[in-house]
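Biologist: Can you put the model up and take me through it? I'd like to go residue by residue where we can.

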Amino acid sequence: MIGQSSSRPAVSTRRPGLAVAGAYGTVALAFSGQWIVGKLGVAAVPPLELSAIRFAVVGAALVAICALRRTRLPIDRWRLVAVAAAFGILGFNALAFVGLTMTPASDAALIVPTTIPALTGLFSVLIGERLTPGKIVGFSIASAGAAIVIIAGQGTGAPFSERRLLGDMLLLAGAASWAAYVTIGAVALRTASPLGLVALSSCFGAAMLFPFGFLEHGYRDVPSWRIESWLAVAYLVVVATIVGYVLIFWAVHRFGAGLGSMVSYLVPLATLLLAFAILGERPQTLQMFGGAVILIGVRLATRRPRATAGRGLPASF
C-alpha cells in the first residue's frame, strides 16, 4: 500500500462528497494558476532563481509544519527522496520553467498536465505495475495528441518558431521528470506521509536548484525584484506547492490513484481559461483538438478495474 499502514485499507469505501470535490477543485485551480503566475514570474525574474527561492521557502515552511504536527520526515529513506527531488524539483522546474520562457502558458496547460499520467503509467512498470493493452493504446493516443498540440502551437500561417518548439520540448521533458518523481515517490510513500515526503523533497530540491541560480544573475538581482515578482513567489509557495502538492498526495493517500488522477483532467481546461482571461492568450482550434485527444488517451491509459482501483501511483498535475 502507498503511504498506508497495514491496518488501514488502501482506499476509503465511502463515496467522495463535497469535501473531496472541493479538494480536487482546489488542486485544479492551484496547478492551473501555477502556469499563469509562473509565466508572469519568469517574464520578470530568472526562472532558476525563482525556483530555488520558491522551494527553499517551501522546504522551511513544511519542515516547521511537520515539527508542529509531529509528522515524521522520511530521513531513513533520504537517498530515495533525494533521487525523487532530483527529478521532480530540480528537473521539473529547470526544464518546465525555462521552457515557459519560450512558449505560451496555454502550451504548458495542455502538454504538462495531460502527458504526465501516461508517462507515469509507463514508468510504473519499473516498480511492478502491469502495462496492459489498454494502457498501451492510451499512451499511443496521448502521444499523438501531444504531437498535435505542439505542431498546432506553431500557429496557422505563422512563421515556424524554433524557440516555441524548443520550449514545448522542454515542457515534455519536464513532464517526464515529474512522472519519474511521482513514480519514485510512490515507493517512498509506502513508509512515509505525503506531508513528510513533500517537505524533505522540497529541501533537497532547493539545495540542488540553488547553484544553478549563479548561472543567471547569482541572486544579486533579488533585492531589486518588484512586488509583483514576490507575489508570484508567494502564490507558487503557498497555493501551488504547499496546498497543491500536499493536497493531491493526501487525496491519493486516502482514495487511491484511480480517483486521484481525475484531477489532472481539470487542470488544462482551467489553465486555458485563466490564460485567456489574464494573459489574453488564444489557443489554436487544433490545439484544443489535440488536448481532447490527449485526454482520451490518458483516460484509456489510467482506466482500472474496480478491484484494483485503489492500488497505484500518486496522481499528477
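Biologist: Let's begin with Cys66, buried or exposed?

Modeller: Cys66 is buried, because its relative accessible area is 2%; buried means under 20%, exposed over 50% and partly exposed in between, with a 1.4 Å probe and protein chains only. Keep in mind that this is a predicted model, where local features need pLDDT of at least 70 and side-chain atom pairs count only at pLDDT 80 or more, while totals for chains, interfaces and linings use all residues. Residues are numbered from 1 along each chain as its sequence is written, and side-chain values use heavy atoms, with hydrogens and water left out.

Biologist: How many disulfides are there?

Modeller: The count is zero, taking a disulfide as a pair of cysteine sulfur atoms within 2.5 Å. For Cys66, the nearest cysteine sulfur belongs to Cys203, 8.9 Å away. Cys203 is likewise in no disulfide, and its nearest cysteine sulfur is that of Cys66. Cys203 has a relative accessible area of 30%, so it is partly exposed.

Biologist: Zooming out, what is the secondary structure made of?

Modeller: The protein chain has eleven helices and zero strands.

Biologist: How much of the chain is buried?

Modeller: Buried residues are 53% of the 317 in the protein chain. The chain exposes about 13,900 Å², with 68% of that supplied by carbon and sulfur atoms; the areas come from the Shrake-Rupley method with a 1.4 Å probe, and for residues only the protein chains shown count as cover.

Biologist: Which residues have the most contacts inside the largest nonpolar core?

Modeller: Trp35, Leu62, Trp178 and Tyr245, in a core of 64 residues. A nonpolar core is a set of buried Ala, Val, Leu, Ile, Met, Phe, Trp, Tyr and Cys residues joined through side-chain atoms within 4.5 Å. Helix 8 (residues 227-255) gives the largest share of this core, ten residues.

Biologist: What does Tyr245 touch, leaving aside neighbours within four places in sequence?

Modeller: Tyr245 is in contact with Phe31, Arg54, Phe55, Ile89, Trp178, Val198 and Ala240. Ring pairs also place Tyr245 in a cluster with Phe31, Phe55, Phe92, Trp178 and Tyr181.

Biologist: How many aromatic pairs in total?

Modeller: Nine. Rings of Phe, Tyr and Trp (its six-membered ring) pair if their centres lie within 6.5 Å; planes under 30 degrees apart count as stacked, over 60 as edge-to-face and the rest as tilted. The Phe210 and Phe214 pair is edge-to-face, because the planes are at 85 degrees, with the ring centres 5.3 Å apart. Phe210 is partly exposed, at 43% relative accessibility.

Biologist: Different topic. Where is Asn93, and what does its side chain make a polar contact with?

Modeller: Asn93 lies in helix 3 (residues 78-100) and is buried, because its relative accessibility is 0%. Its side chain makes a polar contact with the side chain of Arg54 at 3.3 Å. The term covers a pair of N or O atoms within 3.5 Å; within protein, one must be able to donate a hydrogen and the other to accept it, and residues adjacent in sequence count only if both atoms are side-chain atoms. A polar atom of the Asn93 side chain also lies 2.8 Å from the backbone oxygen of Ile89.

Biologist: Which backbone oxygen does the Thr183 side chain reach?

Modeller: That of Ala179, at 2.7 Å. Thr183 is in helix 6 (residues 162-188) and is buried, with a relative accessible area of 5%.

Biologist: Last item, the backbone. What is phi of Arg70, and of Tyr219?

Modeller: Phi of Arg70 is near 60 degrees, positive in a residue other than glycine. Arg70 sits in the loop between helix 2 (47-69) and helix 3, and at 79% relative accessibility it counts as exposed. For Tyr219, phi is near 70 degrees. Tyr219 is in the loop between helix 7 (194-209) and helix 8, and its 14% relative accessibility makes it buried.

Note on methods:
Helices (H or I, at least four residues) and strands (E, at least two) are DSSP runs, numbered from the N terminus. Contact means heavy atoms within 4.5 Å.
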